[in-house]
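Welcome! Take a look at the model below, and then we will walk through it step by step.

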Amino acid sequence: MSAVSHYIGNIWTAATSFFEGLSVTMSWMFRRPMTIQYPDKIDKPIDQQLPERYRGFLEVDIRYCIGCSACMRACPIDCIRMEVAKHPESGTRMLTRFDIDVSKCMFCGLCTEVCPTGCLHHTKLFEGTNAHIENLVLRYVDVPVEPFKMKKGEENPIDRSGNIARSRLKDFFAPAPPEFQGSRQGDLTG
Amino acid sequence: MENPKDPRILELHVPQAPAVPGEMLVNMGAQHPATHGVLNFLMVTDGEVIHKAIPNCGYLHRGMEKIAEMTPYPAYMPYTDRIDYLGAMFANQGYAMAVEKILGIEVPRRAEYCRVIACELNRIASHLIATGCSAMDLGAFTPFTHWLRERETINDLTEELCGARLTYNYMRIGGVSADLPEGFSDRVLRFLDHFKPVITEFDRLISLNKIFMERLVNLVPISTEEAMDWGLVGPNLRASGVEVDLRKHPGYSVYGDFDFQVITGRGFKGQIGDSYDRYYVRVLEMYESCKILRQALEKMPDGPIMAEVPKKLKPEKNEAYARVESVRGEMGYYVISDGTDKPYRLKVKTGSFPAMAMMEKASEGVMVADVVALISAFDLIAPEIDR
Amino acid sequence: MQTLADILIQKIFGVSPQGWFWTGTCYLVVIVLFCLVLLIFAALFAGITSWVERRIAARMMSRVGPNRVGPQGFLQWLADGLKLFLKEDIIPSGADWPLYRMAPYFVFAGMFGTFVALPFGASLVAADLNVGIYYLLAVTAFVIVGIIMGGWSSNNKWALFGGIRSAAQLVSYEIPSGLTVLVVVLLTGSLSTQEIIKAQGGLPWDWFIFHSPFTVAAFFIFVTAALAEGNRTPFDLPEAESELVAGYATEYSGFRFVVFFFAEWANLWVMSALMVILFLGGWRIPFVSVEATTSTWWLIALSFVIFCVKTLVMVFFVIHIRWTLPRLRIDQMMKMCWTYLVPAALVCILGTMVWMGIADWQTIPGRAMRGLMFLIAAFVALKWLARVRYTYMSDRDLYQKMDGRPLWYPPWRLP
């Protein structure tokens, strides 16, 4: 008899469990889908929807950099390259180079924590695709500048809007920088 | 030890022709739609029943332990995220605990509470993937997407907390990197209120589904002795009836302040230690994590979130082993320091590795369709196995 | 169909085609025309159903589904079809050339051959065979040949797995399928599909499904067997995506792949249409007799609409099942067929015979039984809807508290 009851029991469990399962999936037909239809149907621009601490592309407000290169030492994968050289005539320290290779950066945030002034910070940008990987090196120093003279305890008005990084990010179809033209990478899309 | 002249032992680099006529050597390849990363199984099968399935790992080896020898202590934290990207908080915590042991630093209480909150959120997120993938590998795609929707909320919460959704890099040696943002506690509680009935709904949809139970119940029951012999840890071990949870004995961090149960398998629908137990233990562990989260948010003390740690970490010659109860079991970090600012050796012991080894024994006599069910019931993920 | 052809030629040319010396050619042209119409119908159905299924599946999964190609993604299937046409035609080396190329067409023929005997409306059937149902069951067996050929000739062990599993499954599930059809044939007394529909009535309690508890059971057995015949979840192990990438169709690309999947989607229509014809009253209009339906043209059109609506409801049911249930393993599938479905189908035949002997269709006990079955079914359906509502309500307020936006988003609101 137990075989028969086992048999009928199987059929009954199957029927009831399918009943429950079908009711659950049907109830989902009436619920809000959780897809965010980026980038066409979002109500605010995406960088206003991201939280404060979001770790996007790195940006440095070069006016407030003191040239300590703590960020370069903290980076686990050497994606920051900062050079300080002496001015040939006056002999003062000058920042000649501050390059961040965004294609290497893993957005860990260790460099932003050790920056004494906070001029190196994360923005909320993440849309930086480019046809040439060389264009993903963001160069923040155009002409050599003097490093900032930091006073302890003073709040510095650092521009965190992301505009500096936006101005450095190149358009998708921008050609590769001249020093890479003629290499295989540079020839691919001209 | 098996006889080395046994022709059925396959050499991995030279697959031999199977000994018995009617057998085939099939490769459940590294690229496979079952989403557990790049795992490879060489199977000797006669069409449906498997005679031998040899796991072949190493497709996701990235040299994490070697990289540690070239990276200063604080800078290695993002790499630990990638050792187990579904349970990154635990990987962070294990590493931080090992280095803190060497340096003799005590972590402030508020930082410990932040760590527990982050870890338990991550445990829920990872179990969502594990149970969802169990369903998906057996053909039910819907529960997986429902779980991904819940996971989105957890991802948004961690995004507010530390800035990233998967590779958190939240913990530091000596504490955590940032305090809880404003309103975080409210949002987490609202999520937990919403989440609890959803687990019941998930049960109704798939856990109690007759077909799902038929596929998993009594599939490879692993007894207590066998589980301990093969070195299984975490939910796999608990499902076989062994009550082992590092959060209770010996306990670490501030888990002693919380009241929660250790879920063990007791043959929910079949024998103790079968695949359904391994799956359902994970579902029930999500309830326990919700409990711990509520208690932690309530009892949160004030204080600093980071201990006093020197800027340049140069520990003296020492070694330490720290273990955490990660999602897939015990994750252990063994660090040997030699006086410089980089470790001399770092060894990571993860929970999926013994489970992958157990697959060879477990998959004898099962059918091809069951191998996929077994992989997802053991919750193997490739980055933990290969590092 | 000959009568239909005669009527058409009469209407268009004004003369009766009997006695012409090119009668044969005329009939041939008309036949080809009918087949073209059916082919276009099957193609349109297959394409549009793929879009509808993806949208429905997406909403069940809390997603949106394709919505970019054309308005609400309606042209997605055209884009997919076009892409597959333009793909390179790859034949794996070592593949058995003739068999590899013929396999998709066998599967297609097995599916398309059934369209000629399906009654779309009151007198809308391409070939009114008096062995209609028998012909349908026989033609669908072509699919088995095609699948085995596809699996074997691909020179791929995984494809072979899929092909052999599928062959075993399809051959086994022909039996319960045929036995439950036998239940219906007992009730009708004829194998012709039109006769089966004419024997039922328009109102729900006049359908064959509610005739007795045995026919209710036969309906569910038929649904299960039809799902297995169509390789749909929970029986889609031959094309299980998690294990064998696409089963017997793994090595196919381009146009041949299109043919395989066209056959699968159009088979949805065939399997649902069979369920409707056999058990759910076909094209019968409530309160209208058969003679009235076949004589007026707008009633014929209404019967076509009713048939399509009923079939689409069953198609939705099949889609709903696919995206809810996991799949069975091959040995569990075989066990279920031979130990559960076949004995149950035999019991259904016996029971139906006994009940037919006790109480005829139109007598009081017969009507009482039909009414009782209908009431039980309506009660179960209402309980199910209540369960749906309960599931929705248990999450509604908590979701709104968590997210800020309301949870209500019905399927007719397109995102």
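## Around C:M275

Leaving aside neighbours within four places in sequence, C:M275 is in contact with C:F222, C:V223, C:A226, C:L280 and C:M314; contact means that C-beta atoms, placed from the backbone, lie within 7 Å. This is a predicted model, where local features need pLDDT of at least 70, side-chain atom pairs count only at pLDDT 80 or more, and totals for chains, interfaces and linings use all residues. Residues are numbered from 1 along each chain as its sequence is written, while chains are lettered from A and ligands numbered from 1 in the order in which they are written.

## Nonpolar cores

C:M275 is also among the residues that touch the most other members of the largest nonpolar core, which has 216 residues. Helix α10 (residues 255-279) of chain C gives this core its largest share, 19 residues. A second, separate core of 20 residues includes A:C65, A:L120, A:L138 and A:Y140.

A core here is a set of buried Ala, Val, Leu, Ile, Met, Phe, Trp, Tyr and Cys residues joined through C-beta atoms within 7 Å. Buried means that 20 or more other C-beta atoms, placed from the backbone, lie within 10 Å of a residue's own.

## Chain B

Of the 387 residues of chain B, 51% count as buried. Along its principal axes, the C-alpha trace of chain B spans about 70 × 50 × 35 Å.

Chain A has domain 1 (1-31) and domain 2 (46-170), with bounds from an automatic or database domain assignment. The centres of these two domains, taken over C-alpha atoms, are 60 Å apart. Chain A also meets chain C: 18 residues of chain A are in contact with 21 residues of chain C.

Key. Two residues are in contact if their C-beta atoms, placed from the backbone, lie within 7 Å. A residue is buried if 20 or more other C-beta atoms lie within 10 Å of its own, exposed if 12 or fewer, and partly exposed in between; C-beta atoms are placed from the backbone. Helices (H or I, at least four residues) and strands (E, at least two) are DSSP runs, numbered from the N terminus.
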